[in-house]
Each structure stands twice: as structure tokens, then as C-alpha cells.
Amino acid sequence: MPAFLRFGLAAVSGWLVYLSYEPLGHWWAAVLGIALLWLTLMPWPRRATAALGMAGEAQERPSARFGALIGFTHGLFCYLFLLPWVGEFVGAMPYIALAITMALYALATGAFGVLVARWRYGAFTFPLVYLAVEFVRSSWPFGGFAWVRLAWGQINGPLAALSAWGGPALVTVATVLVAVGCVSLLDAASRRAAVAAIILPLAAGLIANIGVGKDSSTVDQARVGAVQGNVPRLGLDFNEQRRAVLSNHVNETLRLAEEANESGDKLDMVFWPENASDVNPFVDTQAEALVGAAVRGVDAPLLVGTLTRDDVGARNTMVVFDPETGPGERHDKRFLQPFGEYMPMRDFFRNFSDLVDLAGDFKPGDDNGVVHMGGIPVGVATCYEVAEDEAYRMAVRGGAQILSTPTNNATFGFTDMTYQQLAMSRMRAIATDRAVVVVATSGVSAIVHPDGRVSQQTEIFEPAHLIETLPLRTGTTPAVRFGQLLEWLMVAAGVALMIAAAVSARQRGRGYAPTGEQQRKTEEN
């Protein structure tokens with residue numbers, strides 16, 4: 001296959017994977033995209049290329065270095081389409097820098113993909129190699145960037161149900177396995193294995209879907225409300241409108257209370273989004289009075305997003321206000337967003353741009369994400385935390401019977417960001433077997449059931465509220481109990497395969513051989 005054709009297919013493969021993410025949500029596009037990526041990494045038999053009228057370099061297998069460039073091309077075209085929301089109000093430079101940084105990890109995907117492609121059944125080891133690279137991208141440095149995991153694009157497909165058994169990591173492996181299986185159908189010698197690689201994950205997903213969301217562990221139900229107050233203006237300066245944002249949420253909460261009173265169904269709990277009260281009600285008497293008016297209006301525990309400060313420093317806090325006992329338990333955001341809520345190596349990065357000074361200086365919390373609202377244990381993952389596996393796993397192990405994702409997406413305007421985040425909450429609902437209340441300052445807010453289904457959602461940048469009765473559950477899924485261990489085992493297997501592939505290639509003198517005459521002589525010897 002000529003080099004330009006491989007690069008072209010790699011670019012298309014990245015774009016196809018992008019199509020799988022929300023709000024487009026074409027889950028099958030990721031399967032096709034990864035299949036094309038694998039096709040660009042694998043060697044092409046000379047007889048096949050000759051039949052296509054190709055000659056010369058088209059008959060050679062790619063080198064590891066060439067594979068690295070293919071992987072980078074794939075990643076870059078995916079992330080350039082996926083992440084424009086990052087630069088919505090800060091310009092193109094941070095967005096492009098992040099896309100390139102994420103694509104750099106795919107150098108390893110491509111390089112080691114080429115090496116395992118030389119094995120007889122290398123296609124069926126590639127899913128673990130892919131996961132190992134994804135794990136590093138999602139973990140390092142500064143906690144990584146789990147936003148771009150392949151699994152999030154599968155929320156509308158049959159493989160999403162596997163998250164209840166192994167979390168997003170298992171979904172990623174299953175997606176890649178189906179993709180390479182489709183390509184392996186072209187090889188008669190591995191056709192049986194290819195059929196198994198396609199059928200088994202899809203069948204497992206369909207079988208798992210039968211049990212997802214069933215009410216065997218439901219112990220009670222709760223009438224919940226979610227308030228989206230909206231912000232007066234778009235952009236980074238929403239923080240300068242703090243009192244207006246707080247007033248918006250109070251007014252919408254009172255409208256919610258009026259609707260609840262008319263229906264005769266008492267609310268058990270009400271959720272406000274992250275940053276709903278950026279004016280700290282613990283130090284500002286006017287903010288305290290406004291929050292108090294909202295709590296008395298709904299006559300139910302209210303989870304309020306605010307900013308607090310203690311001896312350690314600034315905190316991004318969700319705190320429960322009870323109509324009888326006042327302020328109570330709180331969750332200080334534990335998994336902070338690097339380059340947003342805090343700035344790693346601030347002095348160093350300031351040499352490149354003064355945009356680093358827009359980043360906050362928040363300090364992480366150390367709780368398990370569980371607060372009690374009217375005696376009901378509620379798991380909280382604030383905004384960026386929903387991308388972290390451990391956030392909701394910790395909360396469910398801590399007894400959470402229902403979950404909430406309070407978020408503030410106002411700084412990202414009308415971009416795809418909020419829909420991408422909603423997909424994560426939906427997969428977390430499946431993985432934990434819990435209902436999730438997604439509540440945003442400006443949208444999209446949504447009610448997500450334990451099967452990942454969205455029963456209600458708001459539009460972006462409108463004041464709105466949602467009311468629904470949701471199940472309270474106590475069961476623990478395999479993903480919560482063993483998901484982290486399973487991921488570590490799969491990642492360790494992927495790393496072992498990468499090492500074995502590198503050692504094997506070095507010993508055979510082919511690992512970094514260029515294409516062309518030199519490689520042909522090596523093969524003949």
C-alpha cells in the first residue's frame with residue numbers, strides 16, 4: 001500500500017472515530033475507524049497489491065517508525081474534530097496544543113500496532129495494546145485526559161452494556177476487537193478467529209444489556225428535582241455575574257417548588273449545578289439569604305455548588321443545605337481539571353502564554369464523594385470528575401444509592417462538550433447500576449436511568465427544571481467491585497505484548513527496518 005494511501009486512510013479512520021462521540025453518536029463509526037487504522041498498520045501480501053496494480057513500496061510492510069506516524073495521524077484527525085470546545089473562549093492555540101499532545105500518545109499505538117501485526121494472530125492482541133496506550137493517556141501526566149477514551153463513543157451501541165462488567169476499559173477492548181475482527185475476515189486462514197472476535201463481544205454486550213437497569217437491587221425511590229438557572233452572558237466572564245447566576249437558580253428553584261406543590265408530590269431532594277452560587281454563602285450574608293429562600297421554597301435538602309476556602313486553600317464544593325438543619329455534608333472536588341481548575345508548572349507554561357493565568361488554584365478534596373440528603377446517600381462527581389473511573393466507584397462503595405453530576409459548561413458555549421459529558425454520565429449509570437441526575441448551569445441537564453436511558457433533558461442556555469421519581473439502589477456491579485483490577489490486568493497484558501513485540505522485532509532485525517530493498521533482503525535471509 002503506498003505511503004500516501006496509508007496516511008489518507010489513517011486520517012479518515014480518526015475522523016470516523018470522532019463521529020462515534022456525542023452529539024453525533026454513530027457508535028458503528030468507531031468500529032469502522034479502528035478497522036481502517038488496523039488496515040493501515042498491517043502488512044499487505046505482495047499478491048494482493050499486485051492484483052491492485054501496485055508495485056514497489058506498495059508491496060512492503062510498514063516499519064515501526066512509519067507505523068508511529070500513522071498512529072499520530074489517526075489520533076490528530078480524531079482530536080482536532082473532537083476537542084474544538086477547549087478553545088471556544090481562549091482561542092485556537094490551547095485547543096490545537098491539546099489535540100497534538102493527545103495524538104502524541106498514538107505514536108505508540110501505531111508503532112507497536114505494526115509490530116504485533118506481523119504476528120500470525122496479532123490482530124487479536126492489538127485491542128490490549130490499544131488499551132495500554134489509552135490507559136497512559138488517561139492517567140499521565142497530571143492525571144491524564146480521560147475525556148478522549150474510545151468507550152465514550154459506544155454509549156448508543158450494543159457494547160455499552162459491557163461497562164457494567166468491566167467499566168469503559170472493557171468497552172474499549174471490545175470495540176477494538178470487533179474492528180480488527182472485521183479486517184481479519186479478509187484473511188482466510190484467520191477467518192474463524194475473526195468471526196469469534198466479532199460475534200463474542202457483540203453477543204456479550206447484547207446479553208449484558210438484558211440485565212442492565214433491572215430493579216432487583218432497588219430498595220426505595222426518591223422524587224428528585226434538578227435546577228438549571230442559566231447564565232446572563234456567554235464566555236469566561238460568567239464568574240463576574242455571580243449574583244445574577246445565583247438569583248437565576250433561586251428563581252428557577254421557586255418555580256420548581258410551585259410545580260411540585262401543584263402536583264402534590266413532595267420532593268425528596270433538589271440538585272443545583274457546579275458554580276450555581278459562586279458567591280460563598282458561608283461568608284456572604286446576601287448569598288446565604290438567597291440560598292435559604294430556595295431551600296425553604298422547595299422544603300427539601302438542596303445540593304448547592306459553591307466556592308469555599310479553608311486552611312489548605314480554595315475548594316470547588318458541593319454542599320447540602322437542609323430546610324431544618326441548615327448546611328451539612330459537603331463534597332470538595334477531588335479530581336481537578338489540570339490547566340483549568342489548577343495550573344501545573346505555572347511558571348514554566350507562562351513562558352509560552354499568559355493564558356495560564358486564567359487557570360484557577362483549587363485544592364483537591366479527599367472524601368469519597370458521598371453526601372446524605374434527607375438520610376439518602378448520594379454520590380457526587382463534579383463536572384470533570386465524571387471522566388474518572390474511581391469517582392463513582394468510590395461513591396457506590398461508600399453506599400451511594402443515587403448519583404449526581406453537577407457541572408458548569410457555560411464557558412464552552414454551544415459546543416459539543418456538554419453532550420460528550422452527558423455520554424459519560426450515561427455510561428457511569430450503566431457501570432454502577434444507579435440513576436444519575438445531571439444538572440448544569442446552562443445545559444444540558446438530564447435525568448439518566450440505571451440503564452443509561454435519558455428520560456428528560458433541557459436545551460442549552462435556557463432556565464429550566466426537571467422533576468422525576470428515580471430508583472434508589474444498593475447492589476454492586478462487577479465493574480464497581482472488580483473493574484479497576486480487570487483494567488490493570490488488561491493493561492499489564494498489553495504492556496507485556498508491547499515488550500514482547502519490540503524484543504521479537506529487534507531479535508529478527510526487522511523492528512525498525514525501512515521499507516524497500518533492505519527489508520526485502522532481510523526477509524529473504
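In this predicted model, the side chains of Glu 252 and Arg 255 meet in a salt bridge, with N and O 2.6 Å apart. Side chains of opposite charge can pair when their charged atoms come close. Both residues sit in helix 9 (residues 242-263), and because they are three residues apart there, about one helical turn separates them. An α-helix has 3.6 residues a turn, so residues three or four places apart point the same way.

The structure holds 17 salt bridges, so let us visit a few others. Arg 315 pairs with Asp 310, their closest N and O atoms being 2.9 Å apart. Here Arg 315 is buried, with 8% relative accessibility, while Asp 310 is partly exposed, at 35%. Lys 363 and Asp 361 form another salt bridge, at 3.4 Å from N to O. Lys 363 is partly exposed at 27% relative accessibility, and Asp 361 is partly exposed too, at 49%. Elsewhere, salt bridges that share partners link Glu 134, Arg 149, Asp 389, Arg 428 and Glu 487 into one network.

Start with helix 6, which is mostly covered: nine of its twelve residues are buried. At 1.5 Å a residue, helix 6 should span 16 Å, and its end C-alpha atoms are 17 Å apart, which agrees.

Now follow helix 14 (residues 478-508), with its 31 residues. Along the way, the helix bends by about 35 degrees at Gln 484.

Next, take a look at the backbone. Most residues other than glycine have a negative phi, and most peptide bonds are trans. The bond from Glu 22 to Pro 23 is cis, with omega near 10 degrees, and Pro 23 lies in the loop between helix 1 (3-19) and helix 2 (27-41). Trp 140 and Pro 141 are also joined by a cis peptide bond, with omega about -10 degrees; Pro 141 is in the loop between helix 6 and helix 7.

Cys 383 has a positive phi, near 50 degrees. You can find Cys 383 in the loop between strand 7 (376-380) and helix 12, where this residue is buried, with a relative accessible area of 7%. Phe 461 likewise has a positive phi, of about 55 degrees, although it is not a glycine. Phe 461 belongs to the loop between strand 11 (454-457) and strand 12 (464-473) and is buried, at 15%.

Finally, come out to the surface. Phe 142, Phe 339, Met 345, Phe 348 and Phe 352 form a nonpolar patch there, with about 520 Å² of accessible area together. One of them, Phe 348, is in helix 11 (residues 346-349) and counts as partly exposed, at 41% relative accessibility.

Terms used:
Residues are numbered from 1 along each chain as its sequence is written. This is a predicted model: local features need pLDDT of at least 70, side-chain atom pairs count only at pLDDT 80 or more; totals for chains, interfaces and linings use all residues. Side-chain values use heavy atoms; hydrogens and water are left out. Helices (H or I, at least four residues) and strands (E, at least two) are DSSP runs, numbered from the N terminus. The expected span of a helix is 1.5 Å times one less than its number of residues. The bend at a residue is the angle between axes fitted to the seven residues ending there and the seven starting there. Patches are made of residues with over 30% relative accessible area and no salt bridge: like charges are joined within 9 Å, nonpolar side chains (Val, Leu, Ile, Met, Phe, Trp, Tyr) within 5 Å. Accessible areas come from the Shrake-Rupley method with a 1.4 Å probe; for residues, only the protein chains shown count as cover. A salt bridge is a side-chain nitrogen of Lys or Arg within 4 Å of a carboxyl oxygen of Asp or Glu. Buried means under 20% relative accessible area, exposed over 50%, partly exposed in between (1.4 Å probe, protein chains only).
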